[in-house]
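Subject: Structure handover

Hello,

Here is the structure you asked about, with my notes below it. Please look through the model first and then read on.

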Amino acid sequence: MTAGAELRLARTADVHAPRPIRNALAAFLAALDLEQVVREDILVAVGEALANSVEHAYLDDPGTVELHARAEDATTLMIDVLDRGHFHDRELTPGRGLGLRIVRAIARKVHVDTDGGTRISMIFDAAVPPG
Amino acid sequence: MSRQSSLCVVKLAGELDIGQREAVAAALQLDDGDGPVLVDLGEVVYADSTVIGQLLRFRNEAEARGRRIALLIGSPQFARVLQYAGLADAFAVFDNRAAALTFLAGQRP
């Protein structure tokens, strides 16, 4: 993985935003030469963060959802998904608590900052196994 | 001789995320029969928690009507997502159709 490689995207935060953002992230991850299972899991976690954002951030006033991805070093990938809407933890809604659970199962570390919007910061192990 | 209840098959395919929420909800409908239910996800390449939540509700609806339900999953990634969500045991999951049909017929696969 190339340290310093970076991807920044912003789209209107509607329910159709996650798919093209995932596709762009998939191309970015492929260029980093990560193992397929690692790429798929990162896409799942980021997809959940995106879904959380577009579903709840702007219930009345459309805004944007942003993705910042950066290869911090050879084995660490940092990805933030952020909006400036209202945080709504789907874990607090019956039947809707799966998203962040999945994110936490995949990422090495997750931090949710809800000050002035929502920033879900995820750190992933991106090492390719030897051999 | 007992009557063979007809199988209800619901097939979904492609990338299923929040953008397909309404289409998935429209597809996940029980028929009027009383037979078992197979949800064929063999051609699903991506599914997020929105869809998993819809599958949970569909499972509950089927089981409330006394209908056995199974998921056919072709993507290892989808199977992992169920594990990450803590739902690996919430569904009867199969990676081949014959085993799913055996289960739905009430026999051990």
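A salt bridge here is a side-chain nitrogen of Lys or Arg within 4 Å of a carboxyl oxygen of Asp or Glu. Keep in mind throughout that this is a predicted model.

Salt bridges

By that rule there are 17 salt bridges over all chains. One of them joins the side chains of Arg70(A) and Glu6(A), with 3.8 Å from N to O. Arg70(A) belongs to strand 2 of chain A and Glu6(A) to strand 1 of chain A, so this pair ties together parts that lie 64 residues apart in sequence.

The sheet of chain A

Chain A has an open sheet of 5 strands, in the order 1-2-3-5-4, with antiparallel pairing. At its edges are strand 1 (6-12) and strand 4 (109-113) of chain A, each of which pairs on one side only. From one strand to the next the twist averages 10°. Strand 4 of chain A runs antiparallel to strand 5 (residues 118-125) of chain A, and 5 bridges join the two. Within this pairing, Val110(A) has Met122(A) in strand 5 of chain A as its bridge partner.

A helix covers part of this sheet. Helix 2 (residues 36-56) of chain A lies across strand 2 (64-73), strand 3 (76-83) and strand 5 of chain A. Its direction is at about 175° to strand 5 of chain A.

The sheet of chain B

In chain B, 4 strands form an open sheet in the order 1-2-3-4, and here the pairing is parallel. Strand 1 (8-16) and strand 4 (93-94) of chain B are at the edges with a single partner strand each, so one side of each has no neighbour in the sheet. Strand 4 of chain B pairs with strand 3 (residues 69-73) of chain B over 2 bridges, in the parallel sense. Across that pairing, Leu71(B) stands opposite Val93(B) in strand 4 of chain B.

Helix 4 (residues 97-104) of chain B lies across strand 1, strand 2 (37-47), strand 3 and strand 4 of chain B. Relative to strand 2 of chain B, helix 4 of chain B runs at about 145°.

Helices packed between the chains

Two helix pairs bring chain A and chain B together, taken here in turn.

In one pair, helix 3 (residues 98-106) of chain A packs on helix 2 (residues 49-64) of chain B at an angle of about 125°, and the axes are 9 Å apart. The two helices are therefore oblique to each other, and their crossing is right-handed. Leu98(A), Gly99(A) and Ile102(A) from helix 3 of chain A meet Ser49(B), Ile52(B), Gly53(B) and Leu56(B) from helix 2 of chain B. By class, this contact has 4 nonpolar, 3 polar and no charged residues.

In the other pair, the axes of helix 2 of chain A and helix 3 (residues 76-84) of chain B come within 11 Å and cross at roughly 55°. That angle makes helix 2 of chain A oblique to helix 3 of chain B. The crossing is right-handed. On helix 2 of chain A, the residues in contact are Val37(A), Glu40(A), Asp41(A) and Val44(A), which meet Gln77(B), Arg80(B), Val81(B) and Tyr84(B) in helix 3 of chain B. The residues of this contact divide into 4 nonpolar, 1 polar and 3 charged.

Regards

Methods
Residues numbered from 1 in each chain as written. Chains lettered and ligands numbered in written order. Predicted model: local features only at pLDDT ≥ 70, side-chain atom pairs only at ≥ 80, totals over all residues. Heavy atoms only, no water. Pairing = 2+ DSSP bridges. Contact = heavy atoms within 4.5 Å. Axes fitted to C-alpha atoms, helices over the stretch in contact; angles between N-to-C directions. Parallel < 35°, antiparallel > 145°, perpendicular 65-115°, else oblique. Left-handed = near helix turned anticlockwise from the far one by under 90°. Nonpolar A, V, L, I, M, F, W, Y, C, P; charged D, E, K, R; others polar.
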